[in-house]
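Dear colleague,

I am passing on a structure that you have not worked with before. Please look through the sequence and the model first, and then read the notes below them.

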Amino acid sequence: MSGPAGGTGDSVLPADEAGACTPISGRVAAVVVNFESGPALAECLRTLVAESPAEVVVVDNGSTDGSVARARQEFPPVEVVVPGRNLGYGAAANRGAAATSAELILVCNPDLSVNPGALAALVAILDEQPEVAVTGPLIRTPSGERYPSARRFPSLIDAAGHAALGLFVPDNRFTRNYQRSNVATADGVPQRVDWLSGACLLVRRSAFEAVGGFDEAYFMYAEDVDLCWRLARAGWKATFVPTAEVVHTQGVSTDHHPYRMIVEHHRSLLRFAWRSTSGWRRLLLPLVTVGIGGRAVLAAVRRLSAR
């Protein structure tokens, strides 16, 4: 997979010193895509509401675990959109965005807690950098480890190496290149990246709507890289903001259907490969297809053996 011309590389932006003071009241609509998240949804909403967004919308993809009822009881102002079936992540996020009107849209998972000041720090970069369409926070696991949420568009070599080795040798150089493991976070300096995890990202509504929002052909996974890829092709930039921190539990929703998620993950990888690859590299796509299929089988076997 080849990135768009004029990739972001490793350019560094000036650190923002006023993020915590950035006014966000009336400017941000928070969209939470929910599916069987249990009590995690209420905790997510608690931390979001504390950041004072203008609107908070939960789009529920057919949960039966009572998570939505609890959210409605504890947070009456929160709007709940119920499509009546599981639309997938990107399609549900689009429904949530359509139900709001604020100029900035925060899209996030339900198993995520937003640290105080994180939303203001994300907004500050969009205010300072008019060429930036999307910002994303530093995502940590509950144990404090950094999740690689700020990445580059993978070259065919890095994509192939990551696919072949990532499941069993996660610290290989191809995966490190793709996941931008060298992105510094300790100094808090915002950095340009190619794409940001859809687990939590803030995007300008004008840019989001101009490129058609998330591609709903992706049920789960890769809808975030695809969105950022299309934004980049339209001339927009993406910025990673390490001073904005969130905690993501991961797997609260997807673990309900692990094998379907494996299939959807690899189907999405294949779709993005065919969409983003051009020129002579397209001749290699049949091999890429076989490789992605083989990786899906290995992932399923690994999951089965871990039970």
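This is a predicted model: local features need pLDDT of at least 70, side-chain atom pairs count only at pLDDT 80 or more; totals for chains, interfaces and linings use all residues.

Residues are numbered from 1 along each chain as its sequence is written, and side-chain values use heavy atoms, with hydrogens and water left out.

The chain holds ten helices and twelve strands (DSSP runs, H or I of at least four residues for helices and E of at least two for strands, numbered from the N terminus). Of its 307 residues, 54% are buried, meaning under 20% relative accessible area with a 1.4 Å probe, protein chains only.

Helix α1 (residues 40-49) and helix α2 (residues 67-74) have axes, which are lines fitted to C-alpha atoms over the stretch in contact, that come within 8 Å and cross at roughly 35°. The contact (heavy atoms within 4.5 Å) is made by L41, A42 and L45 of α1 together with S67, V68, R70, A71 and E74 of α2.

N34 lies in strand β1 (residues 28-34), and it counts as buried because its relative accessibility is 0%. Its side chain is joined to that of D60 by a polar contact of 2.7 Å (a pair of N or O atoms within 3.5 Å, one able to donate a hydrogen and the other to accept it; residues adjacent in sequence count only if both atoms are side-chain atoms). A further polar contact, of 3.2 Å, joins the side chains of N34 and S63.

Technical notes
Buried means under 20% relative accessible area, exposed over 50%, partly exposed in between (1.4 Å probe, protein chains only). Axes are lines fitted to C-alpha atoms, for helices over the stretch in contact, and angles run from 0 to 180 degrees between N-to-C directions.
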